[in-house]
Amino acid sequence: MAVADFNQIRRSEHLPARIAGQIGREILEGRIAPGEKLPTEHLLAKTFGVSRSVVREAIAQLRNEGLVETRQGVGAFATEFGQRQSLRIEQGDLTDREAFKNLYQLRIPLEIEAAGLAALHHTADDLARLDETLEQMTGAEKWTEQGIVADLAFHRVVATATQNEYFPLFIGFIAERISLAIKAARAKAVLEEIVEVTIAEHVTIRDAIVSRDPARARDAMRQHLIKAAGRLDLTLETC
């Protein structure tokens, strides 16, 4: 595959989703063959003109969509045809307010249960990764693209900490689809206030998971998602 076929991404666009879209098209249209290894993170970051963390988030999205598989210490590869999942939601579909609300509603029970299971099953490595994403969120100046990437990474780590491979698959897939609306909501609000509140909510989730208290972890995640929905002007039916 010729890496030069890719185009640099405009900074105003949601970077991971746009990069995943370009690579995904290359895979679906056969220019990246099934089983073919993708360029390294370093080379993709240089080609697209973005950071390696953005490239990692794009690869994670492609993995959630079943288009890419990653092998630790080796790299990322286009999946074989028979391994590709059929579940796809185009980002444009979520411009419909009701469709977006329905997808967000689906996210809530999945993430609440993931938090509870993470409290029971997390490892020391999971906690280290949670702390790393929190540090990235705190260090993201005025919650730029880097902060959004770190936010999504936090939720993916929680899902992974369940030790159930299906949680990161589905939660990652949904979270990627709603990230553009999250970015838009933050752009309309007082950004500094949202950053402070959001980080505090994530810290509460982290502390509940560390305590190995599943009920507390579920409640912390529930409160965060409901409050986040309010910041998106969503009114949800909750139990």
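**Group meeting: a walk through a predicted helical model**

Residues are numbered from 1 along each chain as its sequence is written, and side-chain values use heavy atoms, with hydrogens and water left out.

Is His202 buried or exposed? His202 is buried, at a relative accessible area of 0%; buried means under 20%, exposed over 50%, and partly exposed in between, with a 1.4 Å probe and protein chains only. Contact here means heavy atoms within 4.5 Å. Not counting residues up to four places away in sequence, His202 touches Leu134, Met137, Asp151, Phe154, His155 and His224.

Leaving aside neighbours within four places in sequence, Phe154 is in contact with Leu130, Thr133, Leu134, Met137, His202, Ile205 and Arg206.

Now the cores. A nonpolar core is a set of buried Ala, Val, Leu, Ile, Met, Phe, Trp, Tyr and Cys residues joined through side-chain atoms within 4.5 Å. The largest one has 39 residues, and those with the most contacts inside it are Tyr104, Leu130, Phe154, Val158, Ile209, Met221 and Leu234. Helices α4 (97-121), α5 (124-139), α6 (145-160), α7, α8 (191-210) and α9 each supply at least two residues of this core. Which helix gives the most? That is α4, with 10 residues. Apart from this core lies another, of 20 residues, among them Ile19, Ala45, Ile59 and Ala78.

On to a helix pair. Two packed helices are described by the angle between their axes and the distance between the axes. For α2 (residues 41-48) and α3 (residues 52-64), the angle is about 105 degrees and the axes are 9 Å apart. Glu41, His42, Leu44 and Ala45 in α2 meet Arg52, Val55, Arg56 and Ile59 in α3.

A few local details next. Ala175 lies in helix α7 and counts as buried, at 4% relative accessibility. Ala175 and Arg156 are 19 residues apart in sequence and 8.6 Å apart in space, C-alpha to C-alpha.

Two backbone angles are worth a look. Gln163, in the loop between α6 and α7, has a phi near 65 degrees, a positive value in a residue other than glycine. Gln163 is partly exposed, with a relative accessible area of 48%. Asp233, in the segment after α9, has a positive phi too, near 60 degrees, and is exposed at 55%.

Finally, confidence. The protein chain averages a pLDDT (the predictor's confidence in each residue, from 0 to 100) of 81, and 79% of the residues score at least 70. Confidence is lowest in helix α7 (residues 166-188), at a mean of 71, and highest in helix α9 (residues 214-231), at 94. Over residues 9-13, pLDDT stays under 50, and the model has 13 contacts there beyond four places in sequence.

How values were computed:
This is a predicted model: local features need pLDDT of at least 70, side-chain atom pairs count only at pLDDT 80 or more; totals for chains, interfaces and linings use all residues. Axes are lines fitted to C-alpha atoms, for helices over the stretch in contact, and angles run from 0 to 180 degrees between N-to-C directions. Helices (H or I, at least four residues) and strands (E, at least two) are DSSP runs, numbered from the N terminus.
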